[in-house]
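I opened my notebook to look up a few features, one at a time. Here are the entries.

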Amino acid sequence: MAGPCPYELVGPLRAGSIVSVHEAVDGATSVVVKILDEAAAATDPVSARRFAREIALNVGARHPGLATVHGHGQNWIAFERLEPPGDRWTRPGGLRRLVAQLAAVLAYLHARGIVHRDVKPAHVMFRGEQPALIDLGVAGLIADDPLDGKEMVGSPAWMAPEQLHGAKPAPSADIWSLCAVGVSIAQGAPLFCGTADAVLAERRRTVRPEVRLAGLLDDRCLVRLLEAGLGPAGDRPTAAEMARELLLSEE
């Protein structure tokens, strides 16, 4: 499907200077549409190229843990409408399943040479009981990446320490972010809070965030993986290892 967006826009979900997200419908079908403002993008060619990459990565991906693409054009892409988490990850065993299933999604992306680079709670939605990792807008490539500069990419409260310094996209950074999400859910609060500037200032002072899982989780396998995932990049488990250990030890 090419050409202008054929969906009827119902209302904005997220406004942006270059890319906006809208609730939309096509008859009885409800979708989410991301639209690139081409006039604004003309002054920011990197953002325009990132949007084109986001379309290509999503169209080429097939995994239950990713949002299904309903259509796309040069300056828009439509996804299935997913559900917010609700209480799914606070149910008994919910955190283990969440981390295992998101690790499986990341393993799929990493095997395709893709690093998400912005894993955070706001990018986790659900299709029934299946979590889906959304938004490949700042995804990077493990191989030489023409869009990879030395700028910081991601969300300050959720990015791996090496991302703060503009490190090359690497799967281990996604693992840190996934484990930060898991630990924050277990603790009931994010590892870092405040404005982006305040978080960045705190993170420059903090080599490793304080993790308080004792008494919160009796799942020793999950605790071990979450703690390892917040360690140095070379010591973190891979996404495939995390998914395999959590799924096998659940059986």
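What classes of residue make up the lining of the second largest cavity? I counted four nonpolar, one polar and three charged residues there. For the classes, Ala, Val, Leu, Ile, Met, Phe, Trp, Tyr, Cys and Pro count as nonpolar, Asp, Glu, Lys and Arg as charged, and the others, Gly among them, as polar.

**Ground rules.** This is a predicted model, where local features need pLDDT of at least 70, side-chain atom pairs need pLDDT 80 or more, and totals for chains, interfaces and linings use all residues. Numbering starts from 1 along each chain as its sequence is written, and side-chain values use heavy atoms, with hydrogens and water left out.

**Cavities.** I found two cavities of 30 Å³ or more. A cavity is a set of points on a 1 Å grid over the protein atoms alone, where a 1.4 Å probe fits but cannot get out; lining residues have an atom within 4 Å of a point. Volume is the space filled by probe spheres set on the points, which are joined across faces, edges and corners. The second largest cavity has about 30 Å³. Its lining includes Arg-117, Glu-162 and Lys-168.

**Arg-117.** I looked up this lining residue next. Arg-117 sits in the loop between β6 (114-115) and β7 (124-127). Its phi is near 75°, a positive value in a residue other than glycine. Is Arg-117 buried or exposed? Arg-117 is buried, at 5% relative accessibility. (Buried means under 20% relative accessible area, exposed over 50%, partly exposed in between, with a 1.4 Å probe and protein chains only.)

**Strands.** Strands are DSSP runs of E, at least two residues long, numbered from the N terminus. Two strands pair if DSSP finds at least two bridges between them. I saw β1 (residues 8-14) run antiparallel to β2 (residues 19-26), with five bridges. Four residues lie between them in a hairpin. Pro-12 stands opposite His-22. Next came β4 (residues 69-73) and β5 (residues 76-80), antiparallel with four bridges. Two residues make the hairpin link from β4 to β5. Gly-73 has Trp-76 as its bridge partner.

**Aromatic pair.** How many aromatic pairs does the structure hold? I found one. (Rings of Phe, Tyr and Trp, its six-membered ring, pair if their centres lie within 6.5 Å; planes under 30 degrees apart count as stacked, over 60 as edge-to-face and the rest as tilted.) Tyr-7 is in the segment before β1 and Trp-76 in β5, 69 residues apart. Tyr-7 is buried at 9% relative accessible area, and Trp-76 is buried at 0%.

Methods: On a 1 Å grid over the protein atoms alone, a cavity is a set of points where a 1.4 Å probe fits but cannot get out, and a pocket is an open set with protein on both sides within 12 Å along at least five of seven lines; lining residues have an atom within 4 Å of a point.
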